[in-house]
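Student: Could you take me through one part of this model in close detail, and then show me how it sits in the rest of the chain?

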Amino acid sequence: MEENKTFAEKYDTSYKTYSMELAGRTLSVDIGRVGKQANGCAFMHYGDTTLLCTATASDKPREGVDFFPLSVDYEEKFYAVGKIPGGFKKREGKASDHAILTSRVIDRPMRPLFPKDYRNDVTLNCMVMSVDPECAPEIVAMLGASIATSISDIPFDGPCAATQIGMIDGKLIINPTVDQNDNSDLNLTVASTRDKVIMIEAI
């Protein structure tokens with residue numbers, strides 16, 4: 001009976017796509033397209049910026065810990081901007097300072113939204129697949145991590161959203177581009193749920 005099934009019947013290739021306009025650019029997310037072994041997976045697109053965001057959790061709580069073992073990995077790769085490492089070092093090294101800071105900014109607003117007594121290991125992974133200079137991947141990663149966790153079976157009092165705000169010539173700019181960020185007098189990141197603001201970070 002199994003042998004008579006078509007490819008589509010054996011492997012469900014259907015997925016759902018949701019999209020909206022955000023700061024003049026299209027933000028879309030594919031659900032069920034990839035990462036089906038993860039607890040939750042969101043394939044994010046913002047302009048030509050693409051990220052794969054997954055949320056996974058262990059089946060049982062970790063024994064002997066009195067904290068929530070959450071880890072966030074924001075992965076930057078040279079191929080995302082069309083570069084391949086050359087010369088003596090042909091492999092990419094450890095995470096950059098920017099990647100570590102981005103991981104912390106994702107962790108900070110999401111951690112309080114998990115149950116206080118939750119002790120299962122949870123890993124949020126945001127892998128940058130391609131980068132559009134007009135659309136910052138950091139904000140897409142924050143949104144994708146929240147969506148992936150919200151649609152999973154992991155207990156999470158979300159979703160939460162994040163926005164970057166810049167200022168040029170006294171005018172506020174929502175989700176500025178890379179060039180606008182370089183000339184901006186303000187680098188503000190705001191994360192919130194539907195009901196309240198949960199993180200403000202400014203430089």
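Tutor: Let's start with D132, which is buried (under 20% relative accessible area with a 1.4 Å probe, protein chains only) yet has no salt bridge. A salt bridge here would be a side-chain nitrogen of Lys or Arg within 4 Å of a carboxyl oxygen of Asp or Glu. The nearest side chain of opposite charge to D132 is R25, 6.7 Å away; Lys and Arg count as positive and Asp and Glu as negative, with His and the chain ends not counted.

A word on the source: this is a predicted model, where local features need pLDDT of at least 70, side-chain atom pairs count only at pLDDT 80 or more, and totals for chains, interfaces and linings use all residues. Residues are numbered from 1 along each chain as its sequence is written, and side-chain values use heavy atoms, with hydrogens and water left out.

Back to D132: the loop that holds this residue runs between β6 (120-130) and α3 (137-150). Leaving aside residues up to four places away in sequence, D132 touches G47, D48 and T49, contact meaning heavy atoms within 4.5 Å.

Now for the wider chain. The protein chain has 4 helices and 10 strands, taken as DSSP runs numbered from the N terminus (helices H or I, at least four residues; strands E, at least two). Of its 203 residues, 38% are buried. Among contacts in the protein chain with a separation of 6 or more, 59% join residues 24 or more positions apart.

Conventions:
Buried means under 20% relative accessible area, exposed over 50%, partly exposed in between (1.4 Å probe, protein chains only).
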